Amino acid sequence: MPRPFYLDRAEQLVVTPSECVGEGTGREFEMLESLLAPGGLVLLRDSVEWEGRSLLKALIKKSALCGEQVHILGCEVSEEEFREGFDANINSQLVYHDLFRDPLNWSKTGEALPGGPLGVLRAMYRRTDPGPVTIAFDSLSWLLLHLPCTTLCQTLHALSHQDTCPDDSYPVKQVRVLGLLHEELHGPGPMGALSSLAQTEVTLSGRVGQASAHILYRRPRQHPTHKIQWFSILPDFSVDLQGGPSLEIQPHPDPDTPLVDPTTLLTFNLHLSKKEKEAKDSLTLPFQFSSEKQQALLCPGSGQATSHVFYEPDAYDDLDQEDPDDDLDI
């Protein structure tokens, strides 16, 4: 049974993944742990049909229960809406950087973050906390609309590959970067660039009323591995793993149901009539020898030249003796 731990703001506590205390156990714990364990960038790709913010918050909750400090760069929803659903213990470990309220400091109230989105990103990898840290972006799509793709990729690479901080700081134990990306908003260029940076890539989809996570793991010096998990997110942002439909089992047709010929719906005919089949069988192909050519090659006559040119007029030949090469045919 895992031992409980208590968080005290006056002291720093580092908890290993095996000591994490959470509401989910068993298979649920294994799924979240498998997404967070490699570190680096975890890319969550969602769509209009299957939103990914709930899974992002489930991963944030898992990191917070392990005693990690979690930095969140909120761009698309307010801080109050994002924190909704977390209990007080979880919210106390979330350091929220709000770019939603006034991202460009137009109101001049001083509430905007200094330096805008790029300034916040640069400040995140100048931190001095030596313990494991999770950095969550909600979302990378918003940042792509306000920053050049190359700048964002370089910053994500610097965040997810921290092994040491600046000279006056402590070494970093582990950094996890969680990025939510709305894949329908971007072309193949930005999508490919961000995908190449991710150690774990999760594409959300679903079938038969169930959500599925197509997970691609990229480990150093190992072949990429692929896994599919069927799940649902509960109101407290715990994960309920489910058994998805089997991909190998196909439904058998009812023997009483008449089979429909799919070729009947085509705008052209794939079947040949008896007359068309006879015409096809009697057709002489261009590469076939005629009987005259075969006899001439197999039984050459006495005094016949060793080389002979045979010409078989085609049915569509229309030679003009006054213009044999058709250069006057305009």
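Predicted model: local features only at pLDDT ≥ 70, side-chain atom pairs only at ≥ 80, totals over all residues.
Reader: Why is Ala-136 called buried?

Author: Ala-136 has a relative accessible area of 1%. Buried means under 20%, so Ala-136 is buried. Its place is in strand 4, residues 133–138.

Reader: Which residues does Ala-136 touch, leaving out those up to four places away in sequence?

Author: Ala-136 touches Leu-56, Ile-60, His-71, Ile-72, Leu-73 and Leu-178.

Reader: What makes strand 3 and strand 9 edge strands?

Author: The open sheet has nine strands in the order 3-2-4-5-1-6-7-8-9, with mixed pairing. Strand 3 (94–98) and strand 9 (239–242) each pair on one side only. From one strand to the next, the twist averages 25°.

Reader: How do you know that strand 1 and strand 5 pair?

Author: Pairing requires at least two bridges between the strands. Strand 1 (residues 40–46) and strand 5 (residues 175–182) share seven bridges, so they count as paired, and the sense is parallel. Leu-44, for example, has Leu-180 in strand 5 as its bridge partner.

Reader: What is the angle of helix 2 to strand 4, and how is it classed?

Author: Helix 2 (residues 53–65) runs at about 165° to strand 4. Angles over 145 degrees count as roughly antiparallel, so that term applies to helix 2 and strand 4. Helix 2 lies across several strands, including strand 1, strand 2 (69–74) and strand 6 (200–207).

Reader: How do you know that Lys-57 has no salt bridge?

Author: The nearest side chain of opposite charge, that of Glu-84, is 6.7 Å away. A salt bridge needs a side-chain nitrogen of Lys or Arg within 4 Å of a carboxyl oxygen of Asp or Glu, so buried Lys-57 has none. Lys-57 is found in helix 2. Apart from neighbours within four places in sequence, Lys-57 is in contact with Glu-81, Phe-82, Glu-84, Phe-86 and Phe-237.

Reader: Why is helix 7 called roughly parallel to helix 8?

Author: Helix 7 (residues 149–160) packs against helix 8 at an angle of about 10°, and their axes are 10 Å apart. Angles under 35 degrees count as roughly parallel, and therefore helix 7 is roughly parallel to helix 8. Cys-149, Cys-153, Leu-156 and His-157 in helix 7 meet Pro-190, Ala-193, Leu-194 and Leu-197 in helix 8.

Reader: What else does helix 8 lie across?

Author: Helix 8 (residues 188–197) lies across strand 1, strand 5 and strand 6, running at about 140° to strand 1.

Key. Residues numbered from 1 in each chain as written. Heavy atoms only, no water. Helix = DSSP H or I, 4+ residues; strand = E, 2+ residues; numbered from the N terminus. Buried < 20%, exposed > 50% of the residue type's maximum accessible area, 1.4 Å probe, protein only. Contact = heavy atoms within 4.5 Å. Axes fitted to C-alpha atoms, helices over the stretch in contact; angles between N-to-C directions. Lys, Arg positive; Asp, Glu negative; His and termini not counted. Parallel < 35°, antiparallel > 145°, perpendicular 65-115°, else oblique.
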